[in-house]
Amino acid sequence: MNKCIFCEIVKGNAPSMKVYEDEFTLAFMDIAKDVDGHILVIPKVHCENILDCDCEALSKTMETVKKVSNHLTSECGYDGVDILNANGRAAGQTVPHFHMHIIPRQYKDGLGGAGEWPTFPGAKFDIET
Ligand code: AMP
Ligand code: ZN
């Protein structure tokens, strides 16, 4: 079985630029170079995504997402954050260790309003059906 790259980062066997760490979670810079300030937050315990993640790991991860987001907006001059997350390959997940993306945002940063949302083709049914 292939090693999980994010577990290897947690163990210190793979490099990362850490932003925040506590007993349960780790926040580090995404290497995608797709947008400045792109941060990932993960639970230290391995789970694939929200579907198999236990609720404690999930809530600890969200606590860290909030902590890092608050720091970005109160200390680093950002106006907001996008919080993104994919669960399962069909949903666009490429690394099978649960992670939340934080994208720091500023007014007029040119990234658009909802740049990473999929294109919705329009519902086929009324919500009552
Ligand atoms: P997703 O497509 O939602 O599963 O996101 C996976 C993210 O992990 C991508 O944005 C990758 O750039 C990022 N990534 C993959 N390997 C590493 C790594 N070794 N260090 C930091 N980020 C990584
Ligand atoms: Zn893992």
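Tutor: One term before we start: two residues are in contact when they have heavy atoms within 4.5 Å. Keep in mind that this is a predicted model.

Student: OK. Leaving aside its neighbours within four places in sequence, what is Thr-64 in contact with?
Tutor: Apart from those neighbours, Thr-64 is in contact with Tyr-20, Asp-22, Thr-25, Ala-27 and Val-41.

Student: And where is Thr-64 found?
Tutor: Thr-64 is part of helix 2, which covers residues 55–75.

Student: Is Thr-64 buried or exposed?
Tutor: Thr-64 is buried, because its relative accessible area is 1% and the cut-off for buried is under 20%.

Student: Switching to the metal. Which residues coordinate the zinc ion (ligand 2)?
Tutor: Cys-4 and Cys-7 each use SG, while His-46 and His-97 each use ND1. The distances run from 2.0 to 2.3 Å.

Student: What spacing do the donors follow along the chain?
Tutor: The spacing is C-x2-C-x38-H-x50-H.

Student: Which distant parts of the chain does the pair Cys-4 and His-97 link?
Tutor: Cys-4 lies in the segment before helix 1 (5–11). His-97 lies in the loop between strand 4 (80–84) and strand 5 (100–105). The two are 93 residues apart.

Student: Are those two buried or exposed?
Tutor: Cys-4 counts as buried because its relative accessibility is 17%, and the limit is under 20%. His-97 is buried too, at 0%.

Student: What is the geometry of the zinc site?
Tutor: The site is tetrahedral, with angles of 103 to 118 degrees among the 4 donor atoms. For reference, the ideal angle for four tetrahedral donors is 109.5 degrees.

Student: Now the other ligand. How many residues surround ligand 1?
Tutor: 15 residues surround ligand 1. The closest are Asp-30, Thr-94, Val-95, His-99 and His-101.

Student: Which element gives the largest share of that shell?
Tutor: Helix 1 does, with 3 residues. Helix 1 and strand 2 (25–29) each supply at least two residues of the shell.

Student: Which backbone atoms lie by an oxygen atom of ligand 1?
Tutor: A backbone N or O atom of Thr-94 lies 2.7 Å from an oxygen atom of ligand 1. For a polar backbone atom of Val-95, the distance is 3.1 Å. For a backbone N or O atom of Gly-92, the distance is 3.4 Å.

Student: How much of ligand 1 does the protein cover?
Tutor: On its own, ligand 1 has 500 Å² of accessible area, and the protein covers 80% of that.

Methods. Residues numbered from 1 in each chain as written. Chains lettered and ligands numbered in written order. Predicted model: local features only at pLDDT ≥ 70, side-chain atom pairs only at ≥ 80, totals over all residues. Heavy atoms only, no water. Donors = N, O, S within 2.8 Å, 3.2 Å for Na, K, Ca; no water. Tetrahedral: all angles 85-135°; square planar, octahedral: opposite > 155°, others 65-115°. Helix = DSSP H or I, 4+ residues; strand = E, 2+ residues; numbered from the N terminus. Buried < 20%, exposed > 50% of the residue type's maximum accessible area, 1.4 Å probe, protein only. Near = heavy atom within 4 Å. Polar contact = N/O pair within 3.5 Å; in protein donor to acceptor, adjacent residues only side chain to side chain. Areas by Shrake-Rupley, 256 points an atom, 1.4 Å probe, with all protein chains shown as cover.
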